[in-house]
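Work through these exercises with the structure at hand. Try each task before you read its solution.

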Amino acid sequence: MLHSPTDLAHRRTRPVHWLATATALAAVIAGAGLLQPGRATGATPAPGPDAAPAPTAPDAQAAAYPLDCKGAPHTVTETARGDLDGDGRPETVAAVRCDAGSGTPPHALYVLAQDPGAGSAPRVVATLLDAGQRRNVTGLTVRDGNVTARLLGYSSPSVPRYEPDVKQLAKWRWTGGKFRQELTDSAAGRV
C-alpha cells in the first residue's frame, strides 16, 4: 500500500511523543525497582515460638582431660565441631597438650560430648590420639562426619625438634560404634 504525503505528516514525532515515551519508560523502570526481592542478609530466619533451641557443641575449655601433665596445666590449642555420630548433636574435637612453658609437647586428641540436660559438663567420649604417640596436631577440621588433622612427629630422638620428619594426614570416622583411623604419609612440601 502506498502512502500519501498527508499520511507522513501524522508520523512526524513531536516533543509530546518523546515525553510520553520517556514517562512510560520511567514507569516501567520504577515498577521493576518496586518488585525486586528483599536484600540478602545471610541471616537465618528467627525460629518460631515452638522451635527447640539448636544444640550447642561442648566447650573444650570446660572439659576435664585424662592428660597427665605432671602438675603443669594443660592447654587446648585447636578445636573443631560437628556431628560425628549422626545423632543430631554436635561433638567437639580438641587438640590438647601440656603447657610446659618451653618447647612443643606432643598433643592428645579428644572427642567431647555433652548430655542435653541443662548444666551438664562436657565429657571425653573418645581418645583419637594419645600423647604417648608423640605427635603434634595441626589443621584440625570436622567435615561431613570426618575428623581430619595433620600429624607431625620424629622418626628418632636424633632428629632436631624444630624439623619434624614424620608427616601424616590422619582421618577418623565413626563407624560400627567406634572411630576408625586412616593414615596417609604426606610429602614434606605438602604439610
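This is a predicted model: local features need pLDDT of at least 70, side-chain atom pairs count only at pLDDT 80 or more; totals for chains, interfaces and linings use all residues.

Residues are numbered from 1 along each chain as its sequence is written, and side-chain values use heavy atoms, without hydrogens and water.

**Exercise 1.** List the secondary structure elements from the N terminus on.

*Solution.* Start with the definition. Helices (H or I, at least four residues) and strands (E, at least two) are DSSP runs, numbered from the N terminus. The protein has two helices and eight strands. Their order is α-α-β-β-β-β-β-β-β-β.

**Exercise 2.** Find the order of the four strands in the open sheet, and explain why one side of E5 and of E8 lacks a neighbour.

*Solution.* Two strands pair if DSSP finds at least two bridges between them. The order is E5-E6-E7-E8, with antiparallel pairing. E5 (136-143) and E8 (178-185) are the edge strands; each has a single partner strand, so one side of each has no neighbour in the sheet. From one strand to the next, the twist averages 20° (axes are lines fitted to C-alpha atoms; angles run from 0 to 180 degrees between N-to-C directions).

**Exercise 3.** How many bridges join E6 to E7?

*Solution.* Take E6 (residues 146-153) and E7 (residues 166-175). Eight bridges join these antiparallel strands. Now pick Leu 151: its bridge partner in E7 is Gln 168.

**Exercise 4.** What percentage of the 191 residues is buried?

*Solution.* Buried means under 20% relative accessible area (1.4 Å probe, protein chains only). Buried residues make up 27% of the protein's 191 residues.

Key. Buried means under 20% relative accessible area, exposed over 50%, partly exposed in between (1.4 Å probe, protein chains only).
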